[in-house]
Amino acid sequence: MTLGPLTRTRRIIVCCGSGGVGKTTAAAVLALEGARDARRSVVVTIDPAKRLADALGLESLSNEPSKIEGDWPGELWAMMLDTKSTFDALVAHYAPDARQAASILENRFYRNIAGALSGTQEYMAMEKLYELHEEGRFDLIVVDTPPSRNALDFLDAPRRLTRFLDNRLFRLLMMPTRAYLKAVNVATQTFLRAVSRVIGTEVVQDAVAFFQAFEGMEDGFRQRALHVRTLLSDPETAFVLVASPRRDAVDEAMFFARKLAESGIAIEALVVNRMHPHFGRGRSEADRARARTLDGTDLGRLFANLADFRNIADGEEAHVEALVARVAPAPAVRVPFLGDDVHDLDGLAQVAGYMFAG
C-alpha cells in the first residue's frame, strides 16, 4: 500500500505526531511528492525551529510562502507561521474600519497576548490553513503540527475560540452601552480590583479597552472558527500520523489515534520513521547459533552483530504492530534509519523513496 493517492487527490494533509519522530520531514516529503504529481503544493510548519527550512536546504522561512525551485512538473512552496502577523491580518480583516483596527493593534494588552496566549498559535495555524485554502493558490496544503498533545489544541482551537467568545465575562466587557458598562462595574468591580492589585491597574485597563475595541468583530471570528472546523472534517482533508518505533512515541501515537477517532476523524496513513532493517529473512536465533560456532573469528562477531540487529528490528516491529492495527485499513509505511540527517532535497527524495514505494 502506498501514500500516492493522498498527494494526488487531497487538498489538505495534516501531519500529526509527537516530537522527534521526523514529522516535519514527512510533511516536506508529502508536499514534494505533490509537486512531483504536477500539483502546486505548499508545506506549512508552526514549529519555530528551523527543521523545515533545513530539510529544504533554505536559510529561513517566513509567514509568506517561498517557492522552492526543482525539476518537478508542479510547484513546491514552504512557509513558517508567524502567529503575531497572522493575528494582525485577521484583526484588520474583521475590523469595520481602519480606526478600530488600529485601536486593537496598538493596544498593549493585544500586543502582549497576540503571540503568547495559550492556544493562540494553534488557532492562528488554523486561520492560516483556512486562508491558504480559500485563496485557492495551492492544489495541496500540507500542515506540520506541533507535538501530538499540543496538536490536540491545534484541532480543538476553533471550538475553544468559540467558547471564549461565548464566555460571560467576555460578553460583559464587550457591551458598549453606558447602562451596561455600569452593570459591568457593579458585577465585576471586586474581581477587577483584585486582579489590579496583582497585575496592575494599567494592565486591567488595557484588557478592558481591548475587549471593548473588539466590539462587533466577534461574529466574524466565530463564523471563521466554524468554517475551519468544517474544513478539518471535509473529505478533501486527510490526517497522516507520524511515529517512530520507540515505545513512548508509539504510546503517543496511540493516544492521538484514539482522540481523532473520538472526534470522528479517520487516520488515512501511518508513517513510522527510523526503523531498524531486518537484513533479509533470517532469524536471530540462527544467527546467534552461528556466532557461537564461529566464536573468536571475525565472521562470528559479524553473526553476533547481525543477531543483535534482528532482535532490535523484531522488537520495533512488535512495538508498532498494535498501532498499525489501530489505524487499519489505512496504509502504514516504514522508513528505515538513513546514513545521514535529512538536510536537503536529495535527502527528502531518499525518504520519499520509502514513503511512496509501491
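Modeller: A residue counts as buried when its relative accessible area is under 20%. The model is a predicted one.

Biologist: How many of the five residues of strand E5 are buried?

Modeller: Strand E5 covers residues 140-144. On one side Leu140, Val142 and Asp144 are buried, and on the other Ile141 and Val143 are buried.

Biologist: Why do the residues of a strand fall on two sides?

Modeller: A strand has two faces to consider. In a regular strand, this is because side chains alternate between the two faces of the sheet.

Biologist: Which residue of E5 is the bridge partner of valine 44?

Modeller: Strand E2, residues 40-45, runs parallel to E5, and five bridges join them. Strand E1, residues 12-16, also pairs with E5 in the parallel sense, over four bridges. For valine 44, the partner in E5 is valine 143.

Biologist: A search of the whole structure finds one aromatic pair. Is that pair, tryptophan 77 and phenylalanine 138, stacked or edge-to-face?

Modeller: The ring centres are 5.9 Å apart and the planes stand at 70°. Planes over 60 degrees apart count as edge-to-face. The pair of tryptophan 77 and phenylalanine 138 is therefore edge-to-face.

Biologist: How many residues apart in sequence are the parts that this pair ties together?

Modeller: Tryptophan 77 lies in strand E4, residues 75-80. Phenylalanine 138 lies in the loop between helix H7 and E5. The pair therefore ties together parts whose separation in sequence is 61 residues.

Biologist: Which residue has its charged end over the ring of phenylalanine 138?

Modeller: Phenylalanine 138 and tryptophan 77 are both buried. The charged end of arginine 137 sits over the ring of tryptophan 77, 5.6 Å from its centre. Over the ring of phenylalanine 138, 5.5 Å from its centre, sits the charged end of arginine 40.

Biologist: Is arginine 247 buried or exposed?

Modeller: Arginine 247 is in helix H13. The buried residues of H13 are Ala249, Val250, Ala253, Met254, Phe255, Phe256, Ala257 and Leu260. Exposed means over 50% relative accessible area. At 54% relative accessibility, arginine 247 therefore counts as exposed.

Biologist: What separates the C-alpha atoms of arginine 247 and histidine 319?

Modeller: Along the chain, these two residues are 72 residues apart. Between their C-alpha atoms, the separation is 6.3 Å.

Conventions. Residues are numbered from 1 along each chain as its sequence is written. This is a predicted model: local features need pLDDT of at least 70, side-chain atom pairs count only at pLDDT 80 or more; totals for chains, interfaces and linings use all residues. Side-chain values use heavy atoms; hydrogens and water are left out. Buried means under 20% relative accessible area, exposed over 50%, partly exposed in between (1.4 Å probe, protein chains only). Helices (H or I, at least four residues) and strands (E, at least two) are DSSP runs, numbered from the N terminus. Two strands pair if DSSP finds at least two bridges between them. Rings of Phe, Tyr and Trp (its six-membered ring) pair if their centres lie within 6.5 Å; planes under 30 degrees apart count as stacked, over 60 as edge-to-face and the rest as tilted. A charge sits over a ring if NZ of Lys or CZ of Arg is within 6 Å of the ring centre and within 35 degrees of the ring normal.
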